[in-house]
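Please examine the sequence and the predicted model shown here.

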Amino acid sequence: LPKVKNYEPTGTGESPLAGIEKWVNVKCPKCGGKAKRETNTMPQWAGSCWYYLRFIDPKNKKALIDSKKEKAFMPVSLYVGGAEHATRHLIYARFWHKFLYDQKIVSTKEPFERLHSVGLIAAEDGRKMSKRYGNVVNPDDVIALYGADTLRVYEMFMGPFASGISWSTDNMIGSRRFLEKIWSIKEFITKKESERVTRELHKTIKKVGEDIENFSFNTAISAMMIFVNTVYDEKVITKDSYKTLLEILTPFAPHLTEELWQQIGGKKSVYLSNWPTFKESLLVSDSVKIMIQVNGKIRGELEVKTGLPETEIVALALKNERVLPYIEGKEIKKTIAIKGKIVSFVV
């Protein structure tokens, strides 16, 4: 293509290239006579059908892609796009890739291993955001008011990744308060923390790691919120545990976590630290909540030590103050105990 400052429409329906006469009018390379260059080019999406291949080998002037590099990197591990892409970019990219496979230019039949479609965020009025409706949310305005990390957390906490949902500026306050709590937690740093905080942290590490893999970002944030509330209840957390919290929060709120990481003496950058591991032994709670039913209706609950024998659990259920009015003076015809979950009496 010619090197020009800008391309301008011709007004005739022809390609903008048709208006660049010096480039269009040339000599025929075979006979030397007057000739014109072809001005019709491929549409934009034609390039987007194979860009993932060119990203791997962008400066190759001899081939579309080097075969060794293609085999090393393909197929693409994950494809994320809106649902509308299924009948646009995705279908065309697959069509082109299958053609390239037949031509032995690529080594895989499919270009993408895994697909996740992202839900559409509608405006506060429930309609699709559009300049025509005047309901577009400008991210710069949101960032100026709440900060970039609040925007990131809110977008991931709105709901399931694949579900459509309407924007709500009012609901951003919850995400902002969550991050403010993270900032304030450093006031609780101590040399020793409660067993409850330690157990909850390891449960949170497991939950957040799994949820990120499954694109369940909203429940990952919810798990971190539960942990933060636990710390506020206990008002203790070790520096190591606080660092771990920052590490699992980093994908969601990178600016805040990097700042706090530096403040509490973290080495280098939080992005260079390893993803934390959890201990299986700390995932099992030392107590469990048992629901008590009488004739199919919940009438009370018990919190008992994990592993307590079934006979002792039933005995405690029979003495429960909220259950007694429903069983006193009545014949218990049947007792059903489901380990770690429920005790049910039929009277």
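How many disulfides does the structure hold? The predicted model holds zero disulfides. Cys28 is in no disulfide, and the nearest cysteine sulfur, that of Cys31, is 3.7 Å away. A disulfide requires two cysteine sulfur atoms within 2.5 Å. Cys28 is partly exposed, with a relative accessible area of 21%, whereas Cys49 counts as buried at 1% relative accessibility.

Attention now turns to the strands. Strand β3 (residues 79–82) pairs with strand β4 (residues 115–118) in the parallel sense, over four bridges. Among the residues involved, Gly82 has Val118 in β4 as its bridge partner. Together with helix α5 (residues 89–102), β3 and β4 make a right-handed β-α-β unit.

The aromatic side chains come next. A search of the whole structure finds ten aromatic pairs. One of them joins Tyr51 and Tyr52, and this pair is edge-to-face because the ring planes stand at 80°, with the centres 6.1 Å apart. Tyr51 is partly exposed, with a relative accessible area of 35%, while Tyr52 is buried at 6%. The rings of Phe188 and Tyr232 also form an edge-to-face pair, with centres 5.1 Å apart and planes at 85°. Phe188 lies in the loop between α8 and α9 and Tyr232 in helix α10, so this pair ties together parts that are 44 residues apart in sequence. Phe188 is buried, with a relative accessible area of 16%.

Ring pairs also link Tyr51, Tyr52, Phe55, Tyr79 and Phe112 into a cluster.

Charged side chains meet rings as well. Lys181 lies over the face of Tyr232, at 5.2 Å from the ring centre. The charged end of Arg127 sits over the ring of Tyr133, 4.1 Å from its centre.

Definitions and conventions: Residues are numbered from 1 along each chain as its sequence is written. This is a predicted model: local features need pLDDT of at least 70, side-chain atom pairs count only at pLDDT 80 or more; totals for chains, interfaces and linings use all residues. Side-chain values use heavy atoms; hydrogens and water are left out. Buried means under 20% relative accessible area, exposed over 50%, partly exposed in between (1.4 Å probe, protein chains only). Two strands pair if DSSP finds at least two bridges between them. Helices (H or I, at least four residues) and strands (E, at least two) are DSSP runs, numbered from the N terminus. A crossover is right-handed if, with the strands pointing away from the viewer, the path from the first strand over the helix to the second runs clockwise. Rings of Phe, Tyr and Trp (its six-membered ring) pair if their centres lie within 6.5 Å; planes under 30 degrees apart count as stacked, over 60 as edge-to-face and the rest as tilted. A charge sits over a ring if NZ of Lys or CZ of Arg is within 6 Å of the ring centre and within 35 degrees of the ring normal.
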